[in-house]
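I opened this notebook to keep track of what I looked up in the structure, entry by entry.

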Amino acid sequence: MASFFSSILQWFSGLFFSKHAEISVVGLQASGKTSFVNVIGSDQWSEEVVPTVAFNFRKIKKGNVLFKVWDVAGQPRYRSLWERYCSGVDAIVFIVDASDKEKFETARFELHNLLSQPTLQGVPLLVLGNKNDVPGHATVNELIKALQLDRIQGRPVSCYSCSMKSQHNLDIVLQWLAGRGH
Ligand SMILES: Nc1nc2c(ncn2[C@@H]2O[C@H](COP(=O)(O)OP(=O)(O)OP(=O)(O)O)[C@@H](O)[C@H]2O)c(=O)[nH]1
Ligand SMILES: [Mg+2]
């Protein structure tokens, strides 16, 4: 009976949204994950965002796509949660603070550690070099090198430079994510 109702619900939401995409947003603390969700979800930019505890879940409608977004906390004690929330999603968004080069080595380690999990085989990856409004931020090529993105195999990988503050490149980010929908 439950599956009957869930099929009806799916059919009904299909009338309004031609695509669904489930994404998980991970990355070190203060890289801008919650800012990303706030900006794409409700155009809300703020300098003062409370660090996430564990995770938040949000549904965001963009055009004819319904995004289901897991915003997972980045502080060290929460990083063991990342795998669980990335498992089975249509795309992993890994956000890096492109203006904080001292953290690149930790970001590289955590990213490759996450992608080595067998449960996440083949899941598409989008790396965002956020905070490109800050002078001296790393370029896409610098991020590819620092995070060793060229060594990642067996999944689609893209990397964009962007800013949640100025909303630079968020249109192409959303386009990429919509392309992972079904
Ligand atoms: N200059 C600038 N600051 C940003 C940008 N995006 C986020 N920030 C700031 O970075 C800080 C941290 O942002 P959050 O969105 O809370 O970071 P987070 O990745 O969710 O952090 P955790 O929840 O602790 O994992 C906040 O002060 C934001 O205002 C950006 O594009 N440019
Ligand atoms: Mg957060």
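**Entry 1, terms and conventions.** I count two strands as paired if DSSP finds at least two bridges between them, and I take helices (H or I, at least four residues) and strands (E, at least two) as DSSP runs numbered from the N terminus. I note that this is a predicted model, in which local features need pLDDT of at least 70 and side-chain atom pairs count only at pLDDT 80 or more, whereas totals for chains, interfaces and linings use all residues. Residues are numbered from 1 along each chain as its sequence is written, chains are lettered from A and ligands numbered from 1 in the order in which they are written, and side-chain values use heavy atoms, with hydrogens and water left out.

**Entry 2, the sheet.** I looked up the strand order and found an open sheet of six strands, S2-S3-S1-S4-S5-S6, with mixed pairing. Strand S2 (55-62) and strand S6 (157-161) are at the edges with a single partner strand each, so one side of each has no neighbour in the sheet. From one strand to the next the twist averages 20°, where axes are lines fitted to C-alpha atoms, for helices over the stretch in contact, and angles run from 0 to 180 degrees between N-to-C directions.

I then checked two pairings. Strand S1 (residues 19-26) and strand S4 (residues 91-97) are joined in the parallel sense over four bridges, and Ile-23 stands opposite Ala-91 in S4. S4 and S5 also pair in the parallel sense, over six bridges, with Val-96 opposite Gly-129 in S5.

For burial I use relative accessible area: buried is under 20%, exposed is over 50%, and partly exposed is in between (1.4 Å probe, protein chains only). Six of the six residues of S5 are buried, so this strand is largely enclosed by the rest of the structure. Both faces of S5 are covered, with Leu-125, Val-127 and Gly-129 buried on one side and Leu-126, Leu-128 and Asn-130 buried on the other.

Which strands does helix H2 lie across? Helix H2 (residues 33-42) lies across S1, S2, strand S3 (65-72), S4 and strand S5 (125-130), and runs at about 30° to S2. Helix H4 (residues 104-115) lies across S1, S4 and S5, running at about 170° to S4.

Eight of the 10 residues of H2 are buried, so H2 is largely enclosed by the rest of the structure. The buried residues in H2 are Lys-33, Thr-34, Ser-35, Phe-36, Val-37, Asn-38, Val-39 and Ile-40. Their cover includes S1, S2, S3, S4, S5 and helix H6 (170-178), with contact meaning heavy atoms within 4.5 Å. Just after H2, I noted that Asp-43 takes a positive phi of about 55°.

Which protein donors does the magnesium ion (ligand 2) have? They are Thr-34 (OG1) and Thr-52 (OG1), lying 2.0 Å from the ion. Thr-34 lies in helix H2 and Thr-52 in the loop between H2 and S2, so the pair ties together parts that are 18 residues apart in sequence. Both Thr-34 and Thr-52 are buried. I keep in mind that donors are N, O and S atoms within 2.8 Å of the metal (3.2 Å for Na, K and Ca), and that water is not among the atoms, so sites may look incomplete.

Ala-30 is found in the loop between S1 and H2, and has a positive phi of about 65° although it is not a glycine. At 56% relative accessibility, Ala-30 counts as exposed.

I found Gln-167 in the loop between S6 and H6, with a positive phi of about 65° although it is not a glycine. Gln-167 counts as partly exposed, at 34% relative accessibility.

Is Cys-86 buried or exposed? Cys-86, which is found in helix H3 (residues 82-86), is buried, with a relative accessible area of 0%. Leaving aside neighbours within four places in sequence, Cys-86 is in contact with Ser-24, Val-26, Ile-92, Leu-114, Leu-120 and Val-123.
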